[in-house]
Amino acid sequence: MANQKLKVGFVGWRGMVGSVLLDRMRSEGDFDQFETVFFSTSQAGLEAPGESCEKTLWDAYDFEALKKMDIVLTCQGGDYTKKIHSDLRGNGWKGIWLDAASTLRMQENSCLVLDPLNKGLIKDEIHKGTVDFVGANCTVSLLLMALTGPLKAGLIDWVTTHTYQAASGAGAKNMKELLKQMGYLYNEGGKKELIEDSRSDILKLDELVNLDLQGKTQYPKELFGAPLAGSLIPWIDSPMENGQTREEWKAMVEANKILGLNQDENIAIDGTCVRIGAMRSHSQALTIKLKDGLDLKSFEELTANAHEWVDFVPNTKEATLEKLHPAHYSGTLKIGVGRLRPMNLGKEFVNVFTVGDQLLWGAAEPLRRFLRLYQEVTV
Ligand code: NAP
């Protein structure tokens, strides 16, 4: 394979994760390193992006076309993976399947990619001949990126994480629905006049907003199924038998798989996943149980110096308001880590709040970096 460029087929590049991935690959000059073909499930035959080696989009359901790729990178979603992956393998294709969706994450022969945490494991899997590589759940990747230092030092017994997840976690169409909800709350039903009149009755305004939120108007909520702007939704993904949502279930199983921990070494992780009206970037409030008593200074140093992407925020009101929120970290690769303090629960407990762009480290970045790592290891 010496000096040969790997042929990469992109599926799902038009969606939220795919668009961010392409942006990052452009900024890092990645497209010079690969021969690329762009596929679509809905626009085959239309013009392909400038980076494509082919003028038009290829059909993402065409097995013969997919089989020509060394790597198929898909951000199209789980339905596409379910429909295509096993048949493509059944057709004898032995290339690398690199996926943002959850479908293959917990399969025994797949590897989760988050190289700042598990580069060694990824390399071992490449050498072993593993062919299915998957980006982990966004909150899981962000959690591990925030706690890399204490995790690598083996300090953590268990973690409870309560999440505040942005609308973009549900995809491009849902982001638009959140904005429509915001616009509806402000503009419709005579509220705009009341908001702008400084003498208006606040209870009247609140009553009109409640009519929207309680489904008595045309306030749009088809995609989220519940009000998000002006409210929140403590449910993400499908139900599990034990009462967790699938999003909550992913935290522990995926984190331990990334860390390569076997069952008796597992770190317990659990909490409630909540969708909030942020546009982009997920936040998490963590209660961490340490194996030994907390040494606040050394915990802070380990956390802050773990890698170049941690942005440690001192536990002050000024620093927190300045930085520790989705607005500050959206569009950046930095992971904000702050609100670090001991807890009343006991000497082994520590409180942390963390924020990161779930479309970057939570989705696109580990995939982009896997492409480069795979190329480095094999070409
Ligand atoms: P998405 O924005 O809904 O895009 C998926 C596909 O929908 C696109 O590739 C496009 O495919 C089609 N599409 C239809 N209408 C569109 C429109 N108006 N704008 C853009 N695309 C449109 O999905 P996503 O959020 O990127 O998620 C993709 C996968 O990544 C999912 O499995 C998800 O679970 C996973 N993931 C998402 C996040 C996140 O934060 N969003 C984080 C980690 C993992 P065609 O061009 O073929 O029509």
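Visitor: What makes the approach of arginine 339 to the side chain of asparagine 351 a polar contact?
Guide: The backbone oxygen of arginine 339 lies 3.0 Å from a polar atom of the asparagine 351 side chain. A polar contact is a pair of N or O atoms within 3.5 Å; within protein, one must be able to donate a hydrogen and the other to accept it, and residues adjacent in sequence count only if both atoms are side-chain atoms. The pair at 3.0 Å therefore qualifies. The model is predicted: local features need pLDDT of at least 70 and side-chain atom pairs pLDDT 80 or more, while totals for chains, interfaces and linings use all residues. Residues are numbered from 1 along each chain as its sequence is written, and side-chain values use heavy atoms, with hydrogens and water left out.

Visitor: Why is asparagine 351 called buried?
Guide: Asparagine 351 has a relative accessible area of 13%. Buried means under 20%, exposed over 50%, and partly exposed in between (1.4 Å probe, protein chains only), so asparagine 351 is buried. Asparagine 351 is found in strand S13, residues 349–356; strands (E, at least two residues) and helices (H or I, at least four) are DSSP runs numbered from the N terminus.

Visitor: Which residues does asparagine 351 contact, leaving aside those within four places in sequence?
Guide: Leu286, Arg339, Leu340, Arg341 and Met343, where contact means heavy atoms within 4.5 Å.

Visitor: Where is serine 281, and is it buried or exposed?
Guide: Serine 281 lies in the loop between strand S9 (268–270) and S10. Its relative accessible area is 0%, so serine 281 is buried. Serine 281 also has a positive phi, about 90°, although it is not a glycine.

Visitor: What is the accessibility class of glycine 293?
Guide: Glycine 293 has 41% relative accessibility and therefore counts as partly exposed. It is placed in the loop between strand S10 (282–290) and helix H11 (296–304). Not counting residues up to four places away in sequence, glycine 293 touches Lys347 and Glu348.

Visitor: How do you know the class of lysine 128?
Guide: Lysine 128 has 62% relative accessibility, so it is exposed. Lysine 128 lies in helix H4, residues 115–128.

Visitor: What makes asparagine 137 buried?
Guide: The value for asparagine 137 is 3%, so it is buried. Asparagine 137 stands in the loop between strand S7 (132–135) and helix H5 (138–146). Beyond its neighbours within four places in sequence, asparagine 137 is in contact with Arg105, Glu247, Lys250, Glu254 and Gly362.

Visitor: Why is H5 described as mostly covered?
Guide: Nine of the nine residues of H5 are buried, among them Cys138, Val140 and Met145.

Visitor: What joins glutamine 76 to threonine 41?
Guide: A polar contact of 3.4 Å joins their side chains. Glutamine 76 is in the loop between strand S4 (71–74) and helix H3 (78–90). With a relative accessible area of 34%, glutamine 76 is partly exposed. Leaving aside neighbours within four places in sequence, glutamine 76 is in contact with Val11, Gly12 and Thr41.

Visitor: Which residues come nearest to the ligand?
Guide: Of the 24 residues around the ligand, Arg14, Met16, Val17, Thr41 and Ser42 come nearest; a residue is near a molecule if one of its heavy atoms lies within 4 Å of it.

Visitor: Which elements give two or more residues to the shell around the ligand?
Guide: Helix H1 (16–27), helix H7 (172–187) and helix H14 (360–378).
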